[in-house]
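Welcome! Take a moment to look over the model below, and then we will walk through it together.

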Amino acid sequence: MLRADGITVAYGRQRVLRGADLAVAPGVVTGLAGPSGCGKSTLSRVLALLLRPDAGRLTVDGTEVHRWRHRASRDLRTRVALIFQQPRLAVDPRLTLREIAAEPYQATGRPPGPADELAEDLGLTPELLVRRPHEVSDGQLQRACVARALALRPRYVICDEMTTMLDASTQAHLVARLEAYRRETGAGILAITHDEELLTRWTEPSGGPTVRMS
Amino acid sequence: MTSSLTVQNLSVRFHLPGATVHAVSDASFEVRQGECLALVGESGCGKSVMAHALMGLLPGNATVAGSAWLRTGGAPPLDLIAAPERVLARTVRGRRIGLVPQSPAAHLTPVRTARAQLAEALRELGNPAPADELAARAGLAPEQLDRYPHQLSGGMAQRVVNAIALAGDPWLIIADEPTSGLDRPLVDATMTELRRLADDGRAVLLITHDLRAAEQVADHIAVMYASRVVSHAPAAEFFAGPRHPYAAGLLEALPSRGFTPIPGRPPELTDLPAGCAFLPRCDRSTAACSHLPEAGTEPSRVACHHPLERPLEHPLEHHVAR
Ligand SMILES: Nc1ncnc2c1ncn2[C@@H]1O[C@H](COP(=O)(O)OP(=O)(O)O)[C@@H](O)[C@H]1O
Ligand code: SF4
Ligand SMILES: [Mg+2]
């Protein structure tokens with residue numbers, strides 16, 4: 001279980017989260033809905049160990065998190081992956097798609113894993129893998145980001161409005177890939193979206209709960 | 001005489017070292033007064049390039065062919081493709097055509113308030129209307145105009161660029177992905193605003209990858225695939241059962257329908273096949289499809305050798321009646 005209890009976060013004097021609780025169970029898709037600006041993205045960054053909250057507790061499979069960002073233990077950090085809404089803001093523009101997909105191996109000093117196969121599986125051709133972000137569409141770039149997120153086989157995957165920028169077919173394709181990953185590995189998925197129809201279609205098969213923030 | 005924009009056989013090529021990008025190929029369509037035409041298709045298919053071609057905003061490595069006749073009010077007809085830059089800058093951009101750009105936040109100057117930027121647009125275009133009045137029409141309160149771009153939410157920034165696009169009282173509004181990243185209530189508000197503009201006797205060209213947003217406002221739907229307009233139909237007809245296999249696939253991918261992706265991926269625009277570009281992904285293809293299909297004729301045009309005849313089996317659940 002990935003569990004957040006009483007999370008409070010303020011940016012300067014503006015408090016965006018006040019005592020938020022959320023649990024992401026392995027094996028199912030948990031939905032998270034709420035109006036824009038209600039703090040969903042902030043909470044997802046806390047869950048991915050990328051943002052230290054001002055108050056509250058985060059536990060990953062029973063282990064409480066005390067260090068955040070690069071200071072968090074490698075094991076904890078790689079157990080949670082985050083996929084962002086805007087792929088362009090989430091990648092280094094100098095890297096090729098192949099390098100983006102393989103970044104986690106590098107960052108953790110591991111031998112390069114099956115990044116190419118993973119990327120291929122997500123619909124990226126060898127021809128696309130040598131291109132850089134400005135030479136591909138948002139949909140193609142997001143595919144590389146999903147490959148990157150799944151590279152180290154995380155136990156939890158947080159999808160923060162992952163498909164808002166994408167056309168219907170690419171959306172359906174990426175969600176299907178994540179569902180296949182969940183069934184294969186028993187990972188827990190947090191699906192954050194303001195699209196109610198998408199939320200229903202995505203959470204229904206695994207019977208996971210939907211949490212609403214306001 | 002009603003006003004209109006008539007695009008005929010529009011093509012845009014980008015010349016790169018060692019390659020040519022076929023960004024728009026032989027596109028024809030019309031937008032008439034009081035109407036909204038939605039141009040839909042997946043990212044990278046050429047939608048923004050089409051908008052930029054109409055506005056004369058293409059970079060130097062582009063070549064354009066075809067015509068785009070703008071006929072509005074008492075002004076003599078103008079071919080936007082042949083018109084010199086001087087004419088486009090003085091009489092078209094901002095005045096006869098307003099562009100709502102993709103990613104509004106990136107188009108606002110960070111160090112100046114929304115009011116200063118809107119007032120400047122009004123001044124440049126010689127519009128004596130007060131900024132507050134224009135902002136109010138776009139759904140902004142006067143105090144929101146005093147904010148700097150970083151203090152605006154996505155929805156407010158959208159309304160600011162909408163107001164700026166309307167500063168010169170243009171007849172045609174081209175909105176390029178005006179709802180990307182907005183949540184549903186804001187999408188709904190933006191669509192209502194675009195519809196109102198059309199109902200006021202203007203025309204709207206809505207460019208989007210969001211089929212449901214298109215369904216909310218459009219009178220006609222044009223679908224672009226790999227640089228070509230492959231389908232063009234009245235909206236009600238389209239949503240009841242698109243006849244082009246690609247359009248049908250897009251609709252079936254919606255979460256409210258089958259939620260099934262179209263297999264495969266679109267071709268590279270540097271290496272388009274001679275025949276139908278959808279062939280490798282299409283389950284209706286035959287040998288005939290290696291020849292380019294004709295665009296067909298009004299009112300419902302389908303560039304396909306084997307179009308679907310009947311509506312999809314799934315009845316439309318949420319068609320928005322107007
Ligand atoms: N300046 C340019 N030089 C070369 N290729 C370009 C340029 N601008 C756009 N393109 C290409 O033109 C195609 C259409 O792009 P675009 O119109 O932005 O797609 P859409 O708006 O449908 O997402 C893409 O393949 C894109 O990479
Ligand atoms: S022309 Fe042929 S390949 Fe192309 S969409 Fe129609 S049936 Fe499919
Ligand atoms: Mg675009």
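In this predicted model, a backbone N or O atom of Gly46(B) lies 3.0 Å from an oxygen atom of ligand 1. That pair is a polar contact, meaning N or O atoms within 3.5 Å; within protein, one must be able to donate a hydrogen and the other to accept it, and residues adjacent in sequence count only if both atoms are side-chain atoms.

**Around ligand 1**

- Cys45(B) also takes part, with a backbone N or O atom 3.2 Å from an oxygen atom of ligand 1.
- From Asn61(B), a polar side-chain atom sits 3.5 Å from a nitrogen atom of ligand 1.
- On its own, ligand 1 exposes 570 Å², and the protein buries 69% of that (accessible areas come from the Shrake-Rupley method with a 1.4 Å probe).
- Of the 15 residues around ligand 1, those that come nearest include Gly44(B) and Lys47(B) (a residue is near if one of its heavy atoms lies within 4 Å).
- Helix H1 (47–55) of chain B supplies three residues of this shell, the largest share (helices are DSSP runs of H or I, at least four residues; strands are runs of E, at least two; both are numbered from the N terminus).

**Where chain B meets chain A**

- On each side, 26 residues are in contact, which here means heavy atoms within 4.5 Å.
- The buried area is about 2100 Å², with carbon and sulfur atoms giving 52% (this is the accessible area, 1.4 Å probe, that two parts lose on being put together, summed over both).
- Three salt bridges are counted between the chains (a side-chain nitrogen of Lys or Arg within 4 Å of a carboxyl oxygen of Asp or Glu).
- Arg131(A) and Glu268(B) form a salt bridge, their closest N and O atoms being 2.4 Å apart.

**How to read this**

- Residues are numbered from 1 along each chain, and chains are lettered from A and ligands numbered from 1 in the order written.
- Local features need pLDDT of at least 70, side-chain atom pairs count only at pLDDT 80 or more, totals for chains, interfaces and linings use all residues, and side-chain values use heavy atoms, leaving out hydrogens and water.
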